[in-house]
Amino acid sequence: MFKDAMSQVPAAVAIVMAEGGEFGAAGFTASSVCPFSASVPSLLVCVDHGTRSHRAIRAAERFTVNFLAEDQRDLAMLFATRGADKFDAPGVMRSAGGPPWVEGALASMTCVRHFDSDVEDHLILVGLVTEVRCKGMNPLIWFDRDFASPVRVGDHSPHEA
């Protein structure tokens with residue numbers, strides 16, 4: 001019942017990426033990412049212990065969280081596939097000395113590890129945001145066990161609160 005209930009709660013779709021030393025580049029598609037603090041810009045990410053990405057992200061001091069735009073569904077599917085050749089895909093950028101990131105993402109944030117803890121079968125990771133790339137686009141969301149795009153309701157501009 002928990003999974004059924006959570007499938008009805010829309011979530012942003014993100015790709016989390018890192019360069020984890022001996023583990024190389026790793027990344028995965030996630031919906032378990034959220035802001036942690038606005039006063040100290042930071043993000044909370046949950047990483048399944050059973051993935052290769054878990055080991056690389058645990059070994060890395062820096063990682064990126066790339067919130068995807070609605071036209072990046074194929075990239076989300078690629079990074080959700082175990083064993084796929086992910087880092088040669090169009091839009092995946094590599095920079096000297098930094099973690100990989102996604103060009104054209106709704107928002108791409110580079111984080112430095114601030115806190116982590118193992119809880120049950122996941123690593124809970126809090127990263128301090130050190131760099132932000134942002135574009136004004138519609139987000140890709142995960143809703144009812146499928147990808148979707150939100151529909152605006154009302155007459156508010158996207159930047160009104």
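Visitor: In which order do the 3 strands of the open sheet stand, and what is the sense of the pairing?

Guide: In this predicted model, the order is β1-β11-β12, and the pairing is antiparallel. To find the edges, look for strands that have a single partner. Here β1 (11-12) and β12 (146-148) each have one partner strand, so one side of each has no neighbour in the sheet.

Visitor: How many bridges pair β1 with β11?

Guide: The two strands pair over 2 bridges, and β11 covers residues 141-143. At the level of residues, A12 has I141 in β11 as its bridge partner.

Visitor: What is found in the loop between β11 and β12?

Guide: D144 is found there, and R145 lies in that loop too. Backbone phi is the thing to read at this point. As a general idea, most residues other than glycine have a negative phi. D144 is not a glycine, yet its phi is positive, at about 55°. R145 is likewise not a glycine and has a positive phi of about 65°.

Visitor: Which strands form the open sheet of 7, and in what order?

Guide: The order is β3-β2-β6-β9-β10-β5-β4, again with antiparallel pairing. The edge strands, each pairing on one side only, are β3 (25-30) and β4 (33-37). From one strand to the next, the twist averages 35°.

Visitor: How many bridges join β2 to β3, and how many join β5 to β10?

Guide: For β2 and β3, which run antiparallel, the count is 6 bridges. I15 stands opposite T29 in β3. For β5 (residues 42-48) and β10 (residues 122-134), also antiparallel, the count is 7 bridges. S42 has L128 in β10 as its bridge partner.

Visitor: Which helix lies across β3, and at what angle does it run?

Guide: Helix α2 (residues 52-59) runs at about 115° to β3. The helix also lies across β2 (14-19), β5, β9 (107-119) and β10. As for β3, the strand is mostly covered, with 5 of its 6 residues buried.

Visitor: With which residues is H54 in contact?

Guide: H54 is a residue of helix α2. Leaving aside neighbours within four places in sequence, H54 is in contact with V47, D48, H49, D118 and L123. H54 counts as buried, at 9% relative accessibility.

Visitor: What separates V119 from C46 in sequence and in space?

Guide: The two are 73 residues apart in sequence and 9.5 Å apart in space, C-alpha to C-alpha. V119 is found in strand β9 and counts as partly exposed at 38% relative accessibility.

Visitor: How many disulfides does the structure hold?

Guide: The number is 0. The thing to check is the distance between sulfur atoms, and a disulfide needs them within 2.5 Å. For C34, the nearest cysteine sulfur is that of C46, 7.2 Å away. For C111, the closest cysteine sulfur is in C34 at 12 Å, which is too far for a bond. C34 is partly exposed, with a relative accessible area of 33%, whereas C111 is buried at 0%.

Visitor: How many aromatic pairs does a search of the whole structure find?

Guide: It finds 2. Each pair is read from two values, the distance between ring centres and the angle between planes; an angle over 60 degrees counts as edge-to-face. The rings of F79 and F87 have centres 5.5 Å apart and planes at 85°, so this pair is edge-to-face. Both F79 and F87 are buried. W142 and F147 also form an edge-to-face pair, at 5.0 Å centre to centre and 75° between the planes.

Visitor: Are W142 and F147 buried or partly exposed?

Guide: W142 is partly exposed, with a relative accessible area of 32%. F147 is buried, at 15%.

Visitor: Which residue lies over the face of W101?

Guide: R133 does, at 3.7 Å from the ring centre.

Conventions: Residues are numbered from 1 along each chain as its sequence is written. This is a predicted model: local features need pLDDT of at least 70, side-chain atom pairs count only at pLDDT 80 or more; totals for chains, interfaces and linings use all residues. Side-chain values use heavy atoms; hydrogens and water are left out. Rings of Phe, Tyr and Trp (its six-membered ring) pair if their centres lie within 6.5 Å; planes under 30 degrees apart count as stacked, over 60 as edge-to-face and the rest as tilted. Buried means under 20% relative accessible area, exposed over 50%, partly exposed in between (1.4 Å probe, protein chains only). A charge sits over a ring if NZ of Lys or CZ of Arg is within 6 Å of the ring centre and within 35 degrees of the ring normal. Two strands pair if DSSP finds at least two bridges between them. Helices (H or I, at least four residues) and strands (E, at least two) are DSSP runs, numbered from the N terminus. Axes are lines fitted to C-alpha atoms, for helices over the stretch in contact, and angles run from 0 to 180 degrees between N-to-C directions. Contact means heavy atoms within 4.5 Å.
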